[in-house]
Amino acid sequence: DGETPRLCAPYPIRDSNRLIEEYMLIANYLVAQRLITHARGRALLRHHPPPLEGRMQQVVDVSKEAFDFDIDVTNSKTLQESLSKISRDCDDELVVQCVTESLMNPMRPAQYMAAGEVDDTDWQHFALNIPYYTHFTSPIRRYPDVVVHRLLQATLDDDVDGFPMTQQEIQAAAGHCND
């Protein structure tokens with residue numbers, strides 16, 4: 001009828017997709033590292049705080065009581081290992097999906113920030129289980145990536161002092177992006 005799609009199917013995720021995703025994560029991590037060491041407090045980072053502890057514990061307790069699942073939420077690595085084990089051991093995909101979705105609810109959103117405006121213990125990215133991270137790989141989609149590209153260029157040109165944004169201006173822009 002010219003209006004009804006003829007085909008709708010999930011996009012298949014191939015090994016090549018996973019490889020590119022891994023390279024992008026590594027690039028974002030290494031660029032963050034470069035900015036921290038060369039632009040110091042001006043480094044525009046992406047912080048992902050740990051989940052809300054009490055609400056996460058509620059999901060763990062309900063999952064244990066209802067399904068006898070052992071979920072370790074110590075960090076994102078142990079959480080992922082727990083979910084992988086549940087996926088292998090539980091035959092009911094709907095139950096696995098419900099528990100996984102329930103564990104997403106206590107998660108807090110990631111936030112942009114200027115590194116010098118917060119303590120370095122608050123740079124971590126919980127979901128990726130790494131000490132710092134930035135957004136570098138999508139400058140045509142996100143303004144923070146543009147700032148990161150320009151700041152990275154300033155570090156490569158050895159001209160961070162000439163960068164047109166102060167640490168406080170980067171923090172203000174990060175706040176705007178977070179909103």
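Biologist: Which residues are exposed on the other side of α4?

Modeller: Glu93 and Leu94 are exposed there, where exposed means over 50% relative accessible area, buried under 20% and partly exposed in between, with a 1.4 Å probe and protein chains only. This is a predicted model, in which local features need pLDDT of at least 70 and side-chain atom pairs count only at pLDDT 80 or more, while totals for chains, interfaces and linings use all residues. Residues are numbered from 1 along each chain as its sequence is written, and side-chain values use heavy atoms, with hydrogens and water left out.

Biologist: And which residues of α4 are buried?

Modeller: Val95, Val96, Val99 and Leu103 are buried in α4. They lie on the same side of α4, because they cover an arc of only 100° around the axis. The arc is that of the directions from the helix axis to the C-beta atoms. Helices here are DSSP runs of H or I with at least four residues, strands are runs of E with at least two, and both are numbered from the N terminus.

Biologist: What do those buried residues pack against?

Modeller: The buried residues of α4 pack against α2 and α3; contact means heavy atoms within 4.5 Å.

Biologist: What happens at the start of α4?

Modeller: A side-chain oxygen of Asp92 comes to within 3.0 Å of the backbone nitrogen of Leu94. A polar contact is a pair of N or O atoms within 3.5 Å; within protein, one must be able to donate a hydrogen and the other to accept it, and residues adjacent in sequence count only if both atoms are side-chain atoms.

Biologist: Turning to α2, what span should its 15 residues have?

Modeller: At 1.5 Å a residue, helix α2 (residues 53-67) should span 21 Å, and its end C-alpha atoms are 21 Å apart, which agrees. The expected span is 1.5 Å times one less than the number of residues.

Biologist: Which of its residues are buried, and which are exposed on the face turned away?

Modeller: Met56, Val59, Val60 and Ser63 are buried in α2. The face turned away from that buried side carries the exposed residues Gly54, Gln58, Val62, Glu65 and Ala66.

Biologist: What follows just after α2?

Modeller: Asp68 takes a positive phi of about 60°. Phe69 lies in the loop between α2 and α3.

Biologist: Is Phe69 buried or exposed?

Modeller: Phe69 counts as buried, because its relative accessibility is 11%.

Biologist: Which residues is Phe69 in contact with?

Modeller: Leaving aside neighbours within four places in sequence, Phe69 is in contact with Ser63, Lys64, Ile86, Cys90, Val95 and Val99.
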